Amino acid sequence: MARQVVIDTETTGLSTVVGRHRVIEIALVEINNGKLTGNTFLTRLNPEGRKSTPTALATHGIKDSQLLKEPLFQEVLPDILNFIDDSELIFFNKAFDLEFMDNEAKLSGSGVVFSADYKSLCVQVMTLETMNRSKLSLDDACRAYGVDNSERIIHSALIDAQLTARVYFKLLSTPRKDRPKNVPHNTVRKDPEKFPIQRAYKGYQINFCYNTQCENYGVPPKFPDPHDLGKESTDLGNYRIKPGEDGALLIECKTCLTSTTTYSNKGIVQEVERLRSIYQLNVPSCPNTGLREDKRKGIPDGLRYETYTKTVRGVEKTRTRLKKPCPNQHKDILSHSDNYWLDSKNTKKLKNIKGLTKIVFPDSDGKYHHLREVVSQTFKCKSCRTKFSSAINPQKGQHNPQINYLLFSLLVNKVPINRVEEVLMTTPSVIYKRIEFFYNQCVQFEQYQLKKHWHKMKTKTLKLCMDRKFFDVNWTNKLEPRRTRLYITGAAERSSGYILRGTVNF
C-alpha cells in the first residue's frame with residue numbers, strides 16, 4: 001500500500017468567506033503500508049489578527065494570545081509540502097479542511113492547490129455510505145467503529161488526525177455488508193421512573209384533585225414504599241396518570257374524573273421562595289453573623305473582630321480575634337427592640353439646588369415640611385456590643401436627593417424620560433436608579449403595613465380571586481417582528497377589591 005498522510009486542522013471559525021477565518025493549527029500523520037509509523041508534523045499558526053469565535057474557542061481551547069508568536073502559514077508551507085511529498089491525503093471532513101488549506105496557500109502567494117494537486121479521500125463520506133444520515137462527527141464515527149476517543153477532551157489537530165487514521169483502518173478491515181448502520185447511543189439507558197409524578201418537595205405537594213366538591217380535594221397521591229428500591233409501580237391510589245397536549249402529563253381523579261396538569265413541586269416552591277426574598281421587609285439586625293461576604297448569594301460581610309491584650313515575655317501586646325456569631329443576628333430592631341441600645345444619631349445637611357423644588361417630608365401628623373437634613377440612627381447590640389446604623393430617612397447617602405419628590409411627580413404624570421432629564425438637569429442613568437429606589441421604598445412601605453396590621457386579619461375570612469393575563473411586546477425595537485410574551489398574575493380580595501399582588505414574569 002502506498003504512503004498516505006492524514007491531515008486535520010483547527011480554525012478560528014467555520015468559513016473562509018463568512019468571517020474570513022484562518023487555520024491556527026495543522027497536524028499531519030504518516031501512514032505506510034496500512035500502519036501508523038509514528039512520524040508526525042504539528043504546528044500552530046498565527047492567524048494574523050483574526051480572532052476565534054466563542055464556539056471555535058470552546059472547541060479547540062486555543063486562545064488568541066497564544067498565537068501571537070507562532071509562524072505564518074507561508075513560513076511552514078515548505079515543511080508541509082516536504083512532509084506530504086506525493087502521498088495520498090486523508091481527511092475526516094475533506095470539504096472543510098481542504099477549503100481552509102487552499103485558502104491559506106492562496107493568501108501566502110503560493111501556486112499550490114491542495115484540492116487539485118493531490119489525490120485525497122474523506123473518511124466521513126466513507127462512513128456515511130452505510131448509514132441513513134447526512135452528516136457524522138468524528139466522535140460518532142469512533143463510537144460506531146469502537147475506537148477509543150477518551151483522550152479527545154477538547155479538539156486537537158494531532159489527536160483528531162490519529163483518531164481519523166484509526167477509524168480509516170477499521171473501515172478497511174470491515175466488509176461493507178458488516179459496517180455499522182447507526183451510531184450507538186452515547187448515554188446509558190436509564191431505568192423507568194419508579195414514581196410517575198414528583199414526590200413532595202419540602203413538604204409541599206401541589207398535584208392533587210382541585211375539585212372542591214370531591215372527597216380527594218387536597219389529598220395527595222399515593223406513592224410506593226421509598227425503601228423498596230426494586231418495586232416499580234404506577235399505582236397512585238385514587239389517581240391515575242394520562243397523557244395531555246404537548247407532551248404534558250395529566251393527573252386524573254378516579255372519583256370525580258377531574259384532570260389537572262401536573263407541575264413541578266420543586267419549581268413552585270423555589271419560585272415562591274424567590275418572590276418572598278423580593279417582597280420582604282428589610283429591617284436591620286446585628287450584623288455579626290460570622291459569615292464571609294458572598295455577593296452571589298447576597299450575603300454581606302458578617303465577620304467582626306475584637307481587640308484584647310496579651311502578655312508576651314513580660315510585654316503587653318494588643319491583638320485582634322474574630323468574634324463569635326451573635327445570637328441577635330436574626331432578631332431585628334423592630335420585633336426585638338429590647339436587645340439593642342440607641343447609641344447616637346448621624347446627621348447630614350442638605351444643599352438645595354436653585355431651580356428645583358425643595359425636599360419635603362411628612363411628619364407624624366401628615367403635614368409636609370421642608371427637609372434640611374437627613375438622619376441615620378446608630379444601634380448597639382447588647383449581646384456582642386457591635387455597632388451598626390440604619391437610615392431614618394432612606395434618602396441619606398444619595399448624591400442629590402432633591403430631585404426625588406419632583407421626579408416621582410413627573411413619573412406619575414407620565415412625563416417622558418427625555419423630558420424628565422431636561423427638567424431635572426440630570427442623566428438617564430440617575431433617573432433609572434431612582435425609579436428602582438422608588439420601587440424598593442414602595443415594597444418596604446407595603447411590607448411594613450402588612451407587618452403592622454396583619455394581626456387584624458386573624459378573625460377575617462378572605463375571598464380571593466386570581467387571574468393571569470399576558471401581552472406581547474417588542475423586546476428590542478419596533479421594526480423587529482420578534483415578540484416577547486410577558487405574563488402578569490394578580491390576586492384581589494373579592495369584597496374590598498384590594499389588590500394583594502400583581503407579579504410580572506416571563
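The legends below describe close-up views of a predicted model.

**View 1. The largest nonpolar core of the predicted model has 27 residues.** Within this core, the residues with the most contacts are Val-6, Ile-90, Val-123, Val-167 and Tyr-168. At least two core residues come from each of strand S2 (23-32), helix H5 (123-128), helix H6 (138-144) and helix H7 (157-173), and H7 gives the most, with eight residues. In soluble globular proteins, nonpolar side chains tend to be buried together.

**View 2. Val-6 and the residues that Val-6 touches.** Leaving aside residues up to four places away in sequence, Val-6 touches Ala-27, Leu-28, Val-29 and Ile-31, and also Ile-90, Ala-161, Thr-164 and Ala-165. Apart from the core described in View 1 lies another core, of 22 residues, which includes Leu-45, Phe-73, Leu-89 and Ala-105.

**View 3. The packing of helix H9 (residues 403-412) and helix H11 (residues 428-453).** The axes of the two helices are 11 Å apart and meet at an angle of about 85°, which makes H9 roughly perpendicular to H11, because angles of 65 to 115 degrees count as such. On the side of H9, the contact is made by Ile-403, Asn-404, Leu-407, Phe-408 and Leu-411, while H11 contributes Val-430, Ile-431, Arg-434, Ile-435, Phe-437 and Phe-438. Of the residues in this contact, nine are nonpolar, one is polar and one is charged.

**View 4. Thr-262 in the loop between strand S8 (259-261) and helix H8 (265-278).** Thr-262 has a relative accessible area of 19%, and therefore counts as buried, since the cut-off is under 20%. When residues up to four places away in sequence are not counted, Thr-262 touches Ile-197, Asn-207, Ile-241, Leu-249, Leu-250 and Ile-251.

Conventions. Residues numbered from 1 in each chain as written. Predicted model: local features only at pLDDT ≥ 70, side-chain atom pairs only at ≥ 80, totals over all residues. Heavy atoms only, no water. Core = buried A, V, L, I, M, F, W, Y, C linked by side-chain atoms within 4.5 Å. Buried < 20%, exposed > 50% of the residue type's maximum accessible area, 1.4 Å probe, protein only. Helix = DSSP H or I, 4+ residues; strand = E, 2+ residues; numbered from the N terminus. Contact = heavy atoms within 4.5 Å. Axes fitted to C-alpha atoms, helices over the stretch in contact; angles between N-to-C directions. Parallel < 35°, antiparallel > 145°, perpendicular 65-115°, else oblique. Nonpolar A, V, L, I, M, F, W, Y, C, P; charged D, E, K, R; others polar.
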